[in-house]
Number of protein chains: 2
Amino acid sequence: MSDLIIWTYGWVPKGPRGFVRDLRLRWACEEAGLAYSVRTVAFDGRETNHLAQQPFGQVPFLSDGRLEMFESGAGLLHLARKSEALMPRDAAGEAATVQWLFAALNSIEMVAVPWWFLTVTGKDDGGLAGWMGNRLAQLERVLGERQWLAADRFTVADLLMADVLRVARLRAFGDRPASEAYVARVTGRPAFRKAHADQLAHFAAADASRPG
Amino acid sequence: MSDLIIWTYGWVPKGPRGFVRDLRLRWACEEAGLAYSVRTVAFDGRETNHLAQQPFGQVPFLSDGRLEMFESGAGLLHLARKSEALMPRDAAGEAATVQWLFAALNSIEMVAVPWWFLTVTGKDDGGLAGWMGNRLAQLERVLGERQWLAADRFTVADLLMADVLRVARLRAFGDRPASEAYVARVTGRPAFRKAHADQLAHFAAADASRPG
């Protein structure tokens, strides 16, 4: 019996399936061979029904015995400390991994998610596409020079960056061959494919029991 | 002689002074009593002149002996590991601190910075103000119940959240008394005031030698 519990919604509409961020934690556990179970909070009423665990009403959050934490970045860092499969143990390798973990969230996703939000709601992007294009060009330069972001090996930073880029629809910002090859390489890993399939199956199974 | 070096620009225009993110690292060092020095890269040509240290052409980055890292969040976490003044040493206190460190960046700043970007460029916010208002309301509820985000004490998570909120112009989103009192409390600390004054002095001193 594992102490690691990944919390997600019991059901979500079809659109976000395959993208709900419990995927990041599932994927990390699969990479590291860490046993885990998945539990749920209700999607309906999510704005208020689990604020004690996640004060913004979102998922995922992670339990590890008596420890609880929200924010997928915090959960990934916690898992990375448990397994060298996710982060090297030397100081330089750890520093490189951690900086790129933050960069995925704060230099790329911070632009990508608002751009996506404006785009899907049909709003003018207000210049966010230009900002996004610059960031992606800078990342393309990095990925043109190496296979992995940190320490010359796969780390949890690649897991997170590939997940962020997967949502960012790179093609909308021009030809980015190194970035596209990188996303294909990282999301081609068996651990991603299993985590992705497991999330899809989890939500599909809930369709049967959903009222209406 | 300290091994900690905070890297920032040699000069910036008046607008961003007091907000450049080297402030976060200065502030953390001041809280922890960690000796540090400040070095600079040129503001002109920043898009390409220090990509080896910061692949997005930004500041700050941090050196600690032979370790180098960019992303202010990564630098703050590195400093927090050096000093209990910034983060408790027990597992629960550390997990709480780390989750709120990520939340400041990825749940609040991820909305605040794009909103600010659209606002200062005079663009329609495309609904980001509503998203921001929701997040700030959720945070107001948290801060209405306690003085500090994590572990019933000041941590590096408060430092970062207060810095993010300071930029977010809370008043634009309605009356948020707990959040405003929180920002005043955290930025009222002597370490913030010293870091802030030092940054202003650093850029002011550069005015004299700037051509043109």
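Helix H1 (residues 22-32) of chain B lies across strands E1 and E3 of chain B, and its direction makes an angle of about 155 degrees with E1(B). Helices (H or I, at least four residues) and strands (E, at least two) are DSSP runs, numbered from the N terminus. The angles run from 0 to 180 degrees between N-to-C directions, with axes being lines fitted to C-alpha atoms, for helices over the stretch in contact. Contact here has a simple rule: the C-beta atoms of two residues, placed from the backbone, lie within 7 Å. This is a predicted model, in which local features need pLDDT of at least 70 and side-chain atom pairs count only at pLDDT 80 or more, while totals for chains, interfaces and linings use all residues. Residues are numbered from 1 along each chain as its sequence is written, and chains are lettered from A and ligands numbered from 1 in the order in which they are written.

Now look at the strands themselves. Chain B has an open sheet of 4 strands in the order E2-E1-E3-E4, with mixed pairing. Two strands pair if DSSP finds at least two bridges between them. At the edges of this sheet are strand E2 (37-41) and strand E4 (67-70) of chain B, each pairing on one side only. On average, neighbouring strands of the sheet are turned by 25 degrees against each other, direction ignored. Strands of a sheet pair through backbone hydrogen bonds, either parallel or antiparallel. For strand E1 (residues 4-9) and strand E3 (residues 61-64) of chain B, the sense is antiparallel, over 4 bridges.

Let us move to chain A and its domains. The domain assignment gives domain 1 (4-85 + 191-207) and domain 2 (91-189) of chain A; such bounds come from an automatic or database domain assignment. The centres of the two domains of chain A, taken over C-alpha atoms, are 21 Å apart. Their contact takes 11 residues from domain 1 of chain A and 9 residues from domain 2 of chain A. On the domain 1 side, helix H1 (22-32), helix H2 (72-82) and helix H7 (190-207) of chain A each supply at least two residues. That side of domain 1 of chain A divides into 8 nonpolar, 1 polar and 2 charged residues. In this count, Ala, Val, Leu, Ile, Met, Phe, Trp, Tyr, Cys and Pro are nonpolar, Asp, Glu, Lys and Arg are charged, and the others, Gly among them, are polar.

What happens where the chains meet? There, 35 residues of chain A are in contact with 35 residues of chain B. Strand E4 (67-70), H2, helix H3 (91-120) and helix H4 (128-145) of chain A each supply at least two residues of the side that touches chain B. H3(A) gives the most, with 15 residues. The side of chain A that touches chain B divides into 20 nonpolar, 10 polar and 5 charged residues.

How are the two chains related? A rotation of 180 degrees with 0.0 Å of shift along its axis superposes chain A on chain B, with an RMSD of 0.0 Å. That is the relation of a two-fold axis. The superposition is by least squares on the C-alpha atoms of residues with pLDDT of at least 70 in both copies. In chain A, the C-alpha nearest the axis belongs to Met110(A), 2.3 Å from it. The same surface serves both copies, since 100% of the contact residues of chain A recur in chain B.

Finally, a few backbone details. Most residues other than glycine have a negative phi, and most peptide bonds are trans. A cis peptide bond joins Val59(A) and Pro60(A), with omega about 5 degrees, and Pro60(A) is found in the loop between strand E2 (37-41) and strand E3 (61-64) of chain A. In chain B, a cis peptide bond joins Val59(B) and Pro60(B), again with omega about 5 degrees.

Ala151(A) has a positive phi, near 60 degrees, and lies in the loop between H4 and helix H5 (156-167) of chain A. Ala151(A) counts as partly exposed because it has 18 C-beta neighbours inside 10 Å. The rule is that a residue is buried if 20 or more other C-beta atoms, placed from the backbone, lie within 10 Å of its own, exposed if 12 or fewer, and partly exposed in between.
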